[in-house]
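Come along and follow each entry on the structure itself.

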Amino acid sequence: MNDLEALRAALIPDEPAQDVVDRSRHRLQNRMLGAPPKRFRPLVLGAGLAAAAVAAGVVVATLPGAPAPAAPPQAVAPVDTGQQVLLAAATVAAKAPAESGTYWHVKISAGKSGLEYWTAAADGHQWYRGAKSGDQLESVGLQPFRLVALEVTLDQIRALPTEPTALRDWIVNALKRSDAKVSMHPLMPKDREQALLQSLISLVSTVPAAPDVRAAAFRAIAAYPGVRALGAVSGGQALLLPLGERLVVDPATGRVNATSTYVPPNGGLVHVADPQGAAITAEWTDKLPK
């Protein structure tokens with residue numbers, strides 16, 4: 001061994017024993033896999049954990065100077081106007097399938113009184129049941145369908161315009177040609193305007209109009225100024241119309257379930273004093289009651 005080799009042997013220590021290496025490696029692995037010391041535990045929640053804590057109702061304190069968390073948005077209940085209710089009903093009515101049957105059946109209930117009538121689609125023969133008939137089915141012969149001051153056939157109803165303005169014009173022109181009278185006098189312009197609105201009400205409530213005609217009538221009523229929503233009631237949304245008429249419309253079904261005015265089978269116009277109006281169901285059926 002020369003001088004350099006002797007110097008290297010003096011400066012470089014011998015390799016550690018294998019058991020020493022194994023123990024050191026084992027301690028290092030335990031340190032790496034173990035939980036960090038408590039003094040190094042993070043104090044700030046991550047975004048996902050903070051959101052979860054808020055959702056669970058946990059109060060998370062913010063550090064001084066940090067921006068306060070934004071308040072969650074509050075749900076706002078939609079406010080429907082009278083026009084919105086009518087237009088929603090029109091949309092649903094327009095999509096309804098066309099229906100037919102042997103008899104058009106209308107049932108009207110106002111307080112303790114009520115009536116029902118069935119009109120044959122084939123010839124207009126009508127049957128009536130109400131308080132005056134002792135709840136017995138009574139034949140009243142051939143009867144037209146009625147739009148307040150107008151008498152119309154089922155074929156005329158099926159041929160009505162399906163656009164709101166055209167439907168209004170058809171009723172206005174028919175009223176001008178009508179020989180209907182009020183207190184023995186011909187209809188004046190004011191009377192015709194009232195009869196127009198009440199005829200539109202009949203089309204959405206008691207007359208067997210096709211779905212697209214009913215939709216047009218709903219839209220024509222919605223175009224009147226002053227239509228107001230009165231709030232939710234049994235059967236749908238209560239509406240106040242011009243001239244004081246009231247309707248209960250279910251926008252989800254496109255049906256009128258109550259009205260303050262209706263035309264009875266023998267004609268004329270009934271005004272219901274009850275603010276809720278008269279409950280109405282109108283549908284096609286293939287059977288007469290026994």
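**Entry 1: a term before I start.** I will be speaking of bridge partners, so I note that two strands pair if DSSP finds at least two bridges between them. I also remind myself that the model here is predicted.

**Entry 2: a pair of strands.** With the term settled, I went to strand 2 (residues 113-120) and strand 3 (residues 125-130), which are joined by five bridges and run antiparallel. I looked up tyrosine 117 and found that its bridge partner in strand 3 is tyrosine 128.

Next I checked the turn. The hairpin of strand 2 and strand 3 has four residues between the strands, and glycine 124 there takes a positive phi near 85°.

Strand 3 and strand 4 are paired over four bridges, in the antiparallel sense.

Entry 3: In what order do the nine strands of the open sheet come? I read the order as 4-3-2-1-15-12-11-10-9, with antiparallel pairing. Strand 4 (138-142) and strand 9 (228-233) stand at the edges with a single partner strand each, so one side of each has no neighbour in the sheet. From one strand to the next, the twist averages 25°.

I jotted down a reminder for myself: strands of a sheet pair through backbone hydrogen bonds, either parallel or antiparallel.

**Entry 4: the overall count.** I counted eight helices and 15 strands. Of the 290 residues in the protein, 33% are buried. I also looked at contacts between residues at least 6 apart in sequence, and 52% of these join residues at least 24 apart.

**Entry 5: helix 4 and what it touches.** I found helix 4 (residues 82-95) lying across strand 9, strand 10 (236-240) and strand 11 (246-250). Helix 4 runs at about 125° to strand 10.

Helix 4 also packs with helix 8 (residues 211-222), at an angle of about 170° and with the axes 8 Å apart. Angles over 145 degrees count as roughly antiparallel, and helix 4 and helix 8 are therefore roughly antiparallel to each other. I listed who meets whom: Gln83, Leu86, Leu87, Ala89, Ala90, Thr91, Ala93 and Ala94 from helix 4, and Pro211, Arg214, Ala215, Phe218, Arg219, Ile221 and Ala222 from helix 8. Sorted by class, this contact has 11 nonpolar, two polar and two charged residues.

Entry 6: I looked up glycine 254, in the loop between strand 11 and strand 12 (255-259). Is glycine 254 buried or exposed? Its relative accessibility is 0%, so glycine 254 counts as buried. Leaving aside neighbours within four places in sequence, I found glycine 254 in contact with Ala89, Val92, Ala93, Arg214 and Phe218.

Glycine 254 and lysine 95 are 159 residues apart in sequence, yet 9.5 Å apart in space, C-alpha to C-alpha.

Entry 7: The axes of helix 6 (residues 164-177) and helix 7 (residues 189-205) come within 10 Å and cross at roughly 125°. That angle makes helix 6 oblique to helix 7. I noted the crossing as right-handed. On the helix 6 side, the contact is made by Leu167, Arg168, Ile171, Val172, Leu175 and Lys176. On the helix 7 side, I wrote down Arg192, Ala195, Leu196, Ser199, Leu200 and Leu203. These residues divide into eight nonpolar, one polar and three charged.

Entry 8: Most residues other than glycine have a negative phi, so I went looking for exceptions.

- Valine 148 is not a glycine but has a positive phi of about 55°. I found valine 148 in the loop between strand 5 (145-147) and strand 6 (150-152), and with a relative accessible area of 17% this valine is buried.
- Leucine 243 also has a positive phi, near 70°. Leucine 243 is in the loop between strand 10 and strand 11, and at 56% relative accessible area this leucine is exposed.

Conventions:
Residues are numbered from 1 along each chain as its sequence is written. This is a predicted model: local features need pLDDT of at least 70, side-chain atom pairs count only at pLDDT 80 or more; totals for chains, interfaces and linings use all residues. Side-chain values use heavy atoms; hydrogens and water are left out. Helices (H or I, at least four residues) and strands (E, at least two) are DSSP runs, numbered from the N terminus. Axes are lines fitted to C-alpha atoms, for helices over the stretch in contact, and angles run from 0 to 180 degrees between N-to-C directions. Contact means heavy atoms within 4.5 Å. Angles under 35 degrees count as roughly parallel, over 145 as roughly antiparallel, 65 to 115 as roughly perpendicular and the rest as oblique. A crossing is left-handed if the near helix is turned anticlockwise from the far one by less than a right angle, and right-handed if clockwise. Ala, Val, Leu, Ile, Met, Phe, Trp, Tyr, Cys and Pro count as nonpolar, Asp, Glu, Lys and Arg as charged, and the others, Gly among them, as polar. Buried means under 20% relative accessible area, exposed over 50%, partly exposed in between (1.4 Å probe, protein chains only).
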